[in-house]
Amino acid sequence: MVEMVTRPYARAFEAYALANPEVLCLSADLTSSCEVDGFRDRHPDRFLSLGMAEQNMMSFAGGLGLAGFRPFLHTFGVFLYRRPYDQLVASVAYPRRKVRLMGFLPGVTTPGGMTHQAIEDISVMRSIPNMTILETGDATEVESICAAADSIDGPVYCRVLRGSVPRLFDTPIEVGKMRELALGSDVLVITAGITTEEALRARGALAKAGVSIRHLHLNTIKPFNDQALLDHLAAVRYGVVTLENHVTEGGIGSLVAEIMADHGVGKKLIRLGLKDTYAHGGSRPYLMHYYGLDAFALVAGIERLTGARFGITEADLDAVRIDAVHSAAKAEAL
Amino acid sequence: MKNMRATEEVALGIRRRVFEHTIRNNGGYLSQACSAAEQLAWLYNEELNIGEPTLPMIPAPFVGVPSAGNTAYHTGAGYNGPADPQYDRLFIAPAHYALAAYATLIEVGRMAPEGLQMFNKDGSSVEMIGAEHSPGMEVHNGTLGIGLSTGAGLAMGRRRKGESGRVWVFMSDGEVQEGQTWEAIQAAAFHGIDTLNAICDVNAQQCDGAMASVMEVRSIRAKFEAFGAVVAEIDGHDLTEMRDAARLPHPGQPLIILARTCPYQGMGYLKKRFPRLHYVRFKSDDDRAATNAAVSAELRVPPVAYTH
């Protein structure tokens, strides 16, 4: 079973912030939920509580950026773009402030339902000029997200995993570099965030069925290296399947579609993700299964792409990793 | 370059320039000059501790928006001098006051009169709604209610760096309808940001007309105080009251000066338009000519010669 790391962000942020005096820790009443409670207690001089007032926090952070600081904003992803969108654009994105937007609970990683699930954040952020988007898919990426984000000359939005996080990789995020997890020749599978683990779960069964998978994991969604993707597209026979913890409009499925269209790549594309729908509250495995974001949905997508039937059942996939909704690793049930 | 002229003279000059511009261009943000002339004149001519301008007297054309590749980009803050630690910074939170703010820069010798001729012309940085790159501007404030928050963040950052310069925000009363204003004040008070100062043009006007008819805001003073500011309430056309208000001690709290003003101060002829003064537009050639004759007489200048 994969190694599980408890609260990797908490340690990583503290170490990074202490080594970088211009980094400030901002929070909007979700301090323990974003794993910076220990930092707040140990380094109160570097912590700014902005309360449950995200519009002010966003413009305030723009002012801190103007003064030469690099504020890290900690809250749930949804609260970084839905309510304070105007402030995000005018006070942070336009002037290219070095504000680091640490968005927790990406997509369906929360049972909090519609109000807590950032399902269109990538779409929104991709369309904002000057914005960079990073997404973490494992504990190692969470551990390296602070340095990666803080290397950006401008604002950056990060999808951050919290709590108990699997370790899938042993090298830190290199901004702009996709991870090549398999180099097969039949189908290109592109995942990011928690969907990468799903694709890895399906790997063994697909190999047994004789499908040669080429698998890319994206941790940098914007800016994006078109040429690297084109090379991988050219190397597969059938086409590409994207699987994202996000709506299929404007996320990585759209990103791949745009690049294929721009370059006249005439291959089939299957975009898996939330299909023009909101999600509701429930456990992550339940939601991923219900909305077709899991390993089984990926297998079905690959079947659609290739026109083959592999006879893979859910039992053939590796065991679903179940997180207890209430665990010591999380501050609250959200 | 402070106090070369009396602040009253600067204020009159602001009204004259904005009036001339409005007649010449067949409309403009004229009432903002009526209500805010003393406040802007006082800020630039007396209160702000700012250095010599660092940008050309005649503004350079638009050089593009901020982007990773635009190395030529700069804000318009250089018209307020360098961002040195000891100097004050000013945000014009309601960017619709840009015309009056540009006129102020000219009156205090920080921009050439030619700058106003570039107002709202294609390819110019002297934009109608003051942009970050427009003369005297440092951040985008065209979306109302964000200026005070940005000022609070800048003041907090400057305090952490040990800078002695203050942050001043010129505000408008319409902004108190935005929830963000209250978020900003409570945060500034919570964090004891007393280097944040604001003067608010309380002219009781907004785009749709009188504020009382658009959205009643009740006592702005009581609300600002309740959220944690020290508040001074003054006649916004009385410079002595303005000077005294700025000296009000406010340790650990932001200072808000509520400047009660008249949106046709100095141009009584506009009173008949009240309460629709957000943007003065002429209904006919006769209206334009009559306004020209009457207001120029009030401002003691010859009528504006216009050709179109």
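This is a predicted model: local features need pLDDT of at least 70, side-chain atom pairs count only at pLDDT 80 or more; totals for chains, interfaces and linings use all residues.
Which strands of chain A does helix 12 lie across? Helix 12 of chain A lies across strand 10, strand 13 and strand 14 of chain A. Relative to strand 14 of chain A, helix 12 of chain A runs at about 155°.

**The sheet**

Next, select the strands. An open sheet in chain A is formed by five strands, in the order 9-11-10-13-14. The pairing in this sheet is mixed. At the edges are strand 9 (179–183) and strand 14 (268–274) of chain A, each of which pairs on one side only. Averaged over the sheet and with direction ignored, neighbouring strands are turned by 15° against each other.

Zoom in on strand 13 (residues 239–247) and strand 14 of chain A. These two strands run parallel and are joined by six bridges. To find one residue pair, pick Thr242(A): the bridge partner in strand 14 of chain A is Arg271(A).

**Helix 8 against helix 12**

The crossing of helix 8 of chain A past helix 12 of chain A is right-handed.

To show the contact, select these residues:

- from helix 8 of chain A: Glu198(A), Ala199(A), Arg201(A), Ala202(A), Ala205(A) and Leu206(A)
- from helix 12 of chain A: Ala295(A), Leu298(A), Val299(A) and Ile302(A)

Coloured by class, this contact of helix 8 with helix 12 of chain A shows eight nonpolar residues, two charged residues and no polar ones.

**The contact between chains**

Finally, display both chains. Chain A contributes 26 residues to their contact and chain B contributes 22 residues. On the side of chain B that touches chain A, the elements giving two or more residues are helix 5 (147–160) and helix 6 (179–190) of chain B. Which of the elements of chain B gives the most to this side? Helix 5 of chain B does, with nine residues. By class, the side of chain B that touches chain A has nine nonpolar, nine polar and four charged residues.

How values were computed
Residues are numbered from 1 along each chain as its sequence is written. Chains are lettered from A and ligands numbered from 1 in the order in which they are written. A crossing is left-handed if the near helix is turned anticlockwise from the far one by less than a right angle, and right-handed if clockwise. Helices (H or I, at least four residues) and strands (E, at least two) are DSSP runs, numbered from the N terminus. Two residues are in contact if their C-beta atoms, placed from the backbone, lie within 7 Å. Ala, Val, Leu, Ile, Met, Phe, Trp, Tyr, Cys and Pro count as nonpolar, Asp, Glu, Lys and Arg as charged, and the others, Gly among them, as polar. Two strands pair if DSSP finds at least two bridges between them. Axes are lines fitted to C-alpha atoms, for helices over the stretch in contact, and angles run from 0 to 180 degrees between N-to-C directions.
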